[in-house]
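Dear colleague,

I am passing on the structure we talked about, and below it you will find an account of what turned up when I went through it. Please read the text with the model open beside you.

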Amino acid sequence: MSGNNDVILSMRRLTMKFGGLVAVNDFSMDIHRGELVGLIGPNGAGKTTIFNMITGHYTPTSGKIIFEGRDITGLPPHKVALLGISRTFQNIRLCRTMSALDNVLISFHPHVKNPFFGAIVPIFGYFRVEREIRRRGMELLERLGLEKWANEPAGSLPYGLQRRLEIARALATEPRLLLLDEPAAGMNPAEAADLMDFIRGIRQEFGLTIFLIEHVMQVVMGICPRIRVIDFGVSIAEGTPEEIKSNPKVIEAYLGEEALGA
Amino acid sequence: MDIQQLLNGVTLGSLYALIAIGYTMVYGILRLINFAHGDVFMFAGYWVFFGYFLFKLPWWISAVLSVIFTAAMGWAIERIAYRPLRHAPRISLLITAIGMSLLLEHIIIVLPWAGGIQKQFPQPEFMKKIFQVGGARVQAVTIWVPVIAAVCLLGLLYLLYRTKVGRGMRAIATDMETTELMGADINRIISYTFIVGSALAAVGGILWGCRYPALRFDIGIIPGWRAFTAAVVGGIGNVIGAMIGGFILGMAEILFVALFPAYSGYRDAVIFMILILFLLFKPTGIMGKALKEKV
Amino acid sequence: MKLNRILTLFALAALFGFIAWGDKNLDRFLWQVLNFGAIYAIAAVGYTVINGITGQFSLGPHGFMLLGAYLVTLLILPLEQKKIVWLFQPLAWPFSEFSLPYSGFILALIAGGVLAAIAAVIVGIPALRALRGDYLAIATFGFGEILFVLVVNLMSLTNGPMGITKIPRYTNLWWSIGALVVITYAAVRIKYSSFGRALRAIKEDELAAQSMGINVFLMKLVAFVFSAFCAGVAGGLYPTLVGTVSPDPFRFFMTFYLLIIIVLGGLGSITGAVVMGFVFAGIFEGLRILDTAIVPGMRMVFFSVLLILVMLFFRRGLFGESEFTWDWILGLFRRRRT
């Protein structure tokens, strides 16, 4: 638990309506720099919708999102990414036919000045920039243990490593805030334990604030000191893992203690 | 706008509606713009021509056979060219449809009994009779077209809302995966959709020939695009929308030519402009609900 | 790396020699086919960038080619001929006042490309922002048709469906293959750059690309404009090859030909586009014999059946998404030895 008051992301009264359906209702939450916060809730509770609002894929029907003091409500996704927020997706969205390294290099594209004309008529420095981002891309892969796969098509990596590659790609934009959408999906307990170490590790190494959606309770209870619970688009509880596990409202939402047992 | 033009508009609108239904139904279930549909419509006219002039069959029999053969063509096209690509990227399907459209046109050009030159569609006598309506003299066909079209459209609505097959079609249009999981025979229903759509296009083609007897390999192209625009305007995927869109477009076309005769050469450009504007600003058309697109 | 450069320079020198000899000495029919092939290839390379690499299905290149063809014609047609053609309806200003000489041909070609590029910006801004997939295809097709109608009707600029004749025949192998080399170079540089990576990312997963900081709309637009520029240049080389221009060769059929070329060649492959451009021209002109001797229209039956068969069975086309590289050729030799 971080004792600082440095709020990196502030979500204020976010509401998302799709026609008549209210997916998220009056959701507010502050996340502090350096925190590792979890967001849980039954299927369809609105968790990914909240992520989509933060990253700009949806524009909230009402409410505000403030990132590092700046109002980012309604900004398009690529601008949000450039401001320092990265995310991964529930169903891994890698470019499967491109190599692992290329996947990571895509994120470095904004660093290239004059990408179109420079490609055709490479003036001084164009090739240097290309070499530089290649080097940084490989370095990133190495730090995450993926360097062996650098030139393999991303789709050929084992599932667990694909997840890691997606995270590597997200890290290439040098975010301060990383949103992970169900990174442990489809993993067995051993893989999940690896993932937990991995997440702790990158948070340390890259100085990240991490906001995590997860269904696999082993993971979220294991690494998040603070967890928020939502159901039907509304917050129903917040606290430490122990507090959440014994909260009657949370138990009711999840229909049985097995789900929380882990 | 006088009586003559009004009736022309209604006639044209009915024809567009008949063709538009085929586009909208196929798009509703397969999310495919069946480029070949307009050419199927054109082929129907040729079937009648072949039956009547080549095989010397009575007009009625030629017409009925035309509907049957055209429906069979629609079925065959789906079976041969679209079904194998059902799970392929959408672009592949679109390219195939384009290829099919051009193939149909050029088969007609190549056939010795048709060729690239214009032929005369056999108009039956009862269609050519002249009547007095209001102050205008109209051909019987101008009355027959909307009537027959209306009958067909009512029949279609009955099919869609009162029969099992129709329910299947509507179910697939809403959610193909779930419908499949619930045990429906997707392939059969899709085949029926193409058969029905092509049959209606055939009726449209025959009526078109009665009204505008010039028969050429490319007469399906412009009406095809008009009908597609009608389907989009009415709300693509929505059958009633296609009917309404057809009427709107038919009337609009007659109105445009009546009001701006100097610009009639720009007709096609205006139609495409309407299409593009709807795609950009109101893709669900007048009636449509948004077709689901997963984020 | 160094070896590649040497081989490429070698190949370019060989090409240079071939053009120098061939432009004067080749059989006229073959010469014509090569020019056509280069023209198709130029347009096809641009088309590959937007359709194959970026995955945005445009059906409008015929419109862009049309623009290029007419602008180049208007710029270089000699003034006396202009007076003859525009007898009944005088030619619009400023084209009535001047004509570029042969030394201005390259400017005319670039202008044709630029005009097409401007049109692409106008079309692309609304279309690429709002539309995807089938709808984008329809919208681009619609714009192509609108352009066609405009050209046919704006008699004072284009002389409508009657076309323009006695256009000086500037195009030769130097111009057509030269332009092809330049455009192919640009396209290959684009494909293998960070820009090209971003385009491929957009094709595979737009949503993910956005999350990586890529301005998807802008990149699509640039790719679209580039492809239009290529089409404009290709279109510009056409009337100066055959000596006449009319709207007719630039009907939707032209887009269909380009579609065949890039599908058969492999949707993401620039090499495929170039190779199939020439193959197509060869078959197309060669089959013209079939058309006149046997039955008109057979050519198109052949091509449409071919397209359908390829989509059903060989969707990857000849080269898939890969390119010809020297390593590949050398690899063939190496394998033979062992």
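How many helices and strands does chain A have? Chain A has eleven helices and ten strands, and please keep in mind throughout that this is a predicted model. The radius of gyration of chain A is 19 Å, close to the 18 Å that the globule rule gives for 262 residues, so chain A is as compact as a globular protein of that length. Along its principal axes, the C-alpha trace of chain A spans about 65 × 40 × 40 Å, and 44% of the 262 residues of this chain count as buried. Of the contacts in chain A with a separation of 6 or more, 67% are between residues 24 or more positions apart.

Strand 9 (residues 226–231) of chain A and strand 10 (residues 234–239) of chain A run antiparallel and are joined by five bridges. Within this pairing, Arg228(A) stands opposite Glu238(A), which belongs to strand 10 of chain A. Two residues lie between the strands of the hairpin, and Phe232(A) takes a positive phi there, near 50°.

Turning to chain B, the secondary structure comes to twelve helices and four strands. A compact globule of 295 residues would have a radius of gyration near 19 Å, and because chain B has 19 Å, the value agrees with that expectation. The C-alpha trace of chain B spans about 55 × 45 × 35 Å along its principal axes, while 50% of the 295 residues of chain B count as buried. If one takes the contacts in chain B between residues at least 6 apart in sequence, 76% of them join residues at least 24 apart.

The last point concerns the place where chain C touches chain A, a contact that takes 23 residues from chain C and 27 residues from chain A. On the side of chain C that touches chain A, at least two residues each are supplied by helix 8 (173–191), helix 9 (194–204), helix 10 (206–211) and helix 11 (216–237) of chain C. Helix 9 of chain C gives the most to this side, with seven residues. Sorted by class, the side of chain C that touches chain A has twelve nonpolar, six polar and five charged residues.

With best wishes

How values were computed. Residues numbered from 1 in each chain as written. Chains lettered and ligands numbered in written order. Predicted model: local features only at pLDDT ≥ 70, side-chain atom pairs only at ≥ 80, totals over all residues. Pairing = 2+ DSSP bridges. Rg over C-alpha atoms; globule rule 2.2 N^0.38 Å. Buried ≥ 20, exposed ≤ 12 C-beta atoms within 10 Å, placed from the backbone. Contact = placed C-beta atoms within 7 Å. Nonpolar A, V, L, I, M, F, W, Y, C, P; charged D, E, K, R; others polar.
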